[in-house]
Amino acid sequence: TDGHSRVFPWMALQRELPSTSERYFSGVPDDEDLVPSIDTAHRTSRVVWDLANKNLADLPPTFFQLTTLQVLYLQQNRFQSLSPLLGCLRDLTVLDVSSNQLQHLPEEISNLHLLSSLFLYNNALSYLPRSFSRLQSLVHLSLSCNQFVGSVPEELYELGNLHTLSLCANRISSLQAPGLSRLTKLTDLNLSMNKITYLPSNIVLPSSLTTLNISTNSIEDINPAFFSQLPSLTCLNLCHNSTTTIPPTLQACPALTTLLLNHNCLVSIPPELGVLQNIAHL
């Protein structure tokens with residue numbers, strides 16, 4: 001597994017070994033006769049196609065006739081774009097196009113109504129199509145190591161079923177209100193290795209959040225109200241910033257078990273944090 005799977009354990013699930021209930025393929029289909037056989041396989045098995053690390057820059061049009069395909073691995077290739085025909089693969093639940101050269105996504109990606117896991121890290125994306133917000137089945141999304149600048153892409157704020165979101169290693173410098181608060185099922189948020197300098201009071205994070213990683217930014221100041229509504233937070237990573245003080249309002253996170261503060265400019269820890277009896281890692 002890569003570094004991302006160590007931050008978010010769910011990412012290790014993307015490369016499960018084929019099981020007896022799966023039909024697993026790893027060659028590029030160039031024969032239309034393959035299509036009916038795959039459709040037949042779907043009746044009893046999950047169809048997985050692994051095209052990772054095959055030096056591909058595109059896929060033949062016949063590939064998109066495999067409309068019962070459920071899992072597609074395209075990572076570590078040379079894709080600069082994805083065909084609009086991607087939208088024909090309406091049964092897809094897992095799509096991994098990480099470690100390519102993608103500069104944009106087709107609007108037709110919104111046709112993938114069953115898509116629950118989407119891995120796009122290590123590409124060259126700087127924006128998302130407007131239709132992206134229609135991916136309402138998305139649960140896991142990684143956009144790490146791309147080229148997003150400024151704010152979190154607003155298309156993400158409508159993804160109401162999202163549980164895990166990684167935007168680390170971009171150039172995000174600010175958080176917008178009330179955007180993230182709309183993600184009412186979000187449990188894991190990774191904003192590490194960005195350009196954030198301030199955690200303001202008008203940013204309300206979802207109360208469902210359990211893991212927040214904002215390490216390796218340039219955070220100097222944290223508004224005391226920032227942590228006031230995170231009762232489920234168990235892990236907070238603030239390492240490698242320029243923070244001089246930790247607000248005592250962090251005591252409002254009674255579930256906290258891991259608090260990482262090293263490589264900051266802290267002078268002291270507020271005594272109020274002594275009430276956090278569950279902290280095992282500091």
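Buried residues have under 20% relative accessible area, exposed residues over 50%, and partly exposed residues fall in between (1.4 Å probe, protein chains only). The model is predicted: local features need pLDDT of at least 70, side-chain atom pairs count only at pLDDT 80 or more, and totals for chains, interfaces and linings use all residues. Residues are numbered from 1 along each chain as its sequence is written, and side-chain values use heavy atoms, with hydrogens and water left out.

**View 1. S228 in the loop between β13 and β14.** With a relative accessible area of 37%, S228 is partly exposed. The loop that holds S228 runs between β13 (221-222) and β14 (235-237); strands (E, at least two residues) and helices (H or I, at least four residues) are DSSP runs, numbered from the N terminus. The side chain of S228 reaches the backbone oxygen of A225 at 2.8 Å. T249 is 21 residues from S228 in sequence, and their C-alpha atoms are 6.2 Å apart in space.

**View 2. The open sheet of eleven strands.** Its order is β1-β2-β3-β4-β5-β6-β8-β10-β12-β14-β15, with parallel pairing. At the edges stand β1 and β15 (258-260), each with a single partner strand, so one side of each has no neighbour in the sheet. From one strand to the next the twist averages 5°; axes are lines fitted to C-alpha atoms, for helices over the stretch in contact, and angles run from 0 to 180 degrees between N-to-C directions. Strands of a sheet pair through backbone hydrogen bonds, either parallel or antiparallel.

**View 3. Strand β2 and its pairing with β1 and β3.** Two strands pair if DSSP finds at least two bridges between them. Strand β2 (residues 46-50) is largely enclosed by the rest of the structure, because four of its five residues are buried. Four bridges in the parallel sense link β2 to β1 (residues 22-25). Within this pair, R23 stands opposite V47 of β2, and F25 has W49 of β2 as its bridge partner. Strand β3 (residues 71-73) runs parallel to β2 and is joined to it by three bridges. W49 has L72 as its bridge partner in β3.

**View 4. T164 and its contact with H140.** T164 lies in strand β8 (residues 164-166). T164 counts as buried, at 2% relative accessibility. Its side chain makes a polar contact with the side chain of H140 at 2.6 Å. A polar contact is a pair of N or O atoms within 3.5 Å; within protein, one must be able to donate a hydrogen and the other to accept it, and residues adjacent in sequence count only if both atoms are side-chain atoms.
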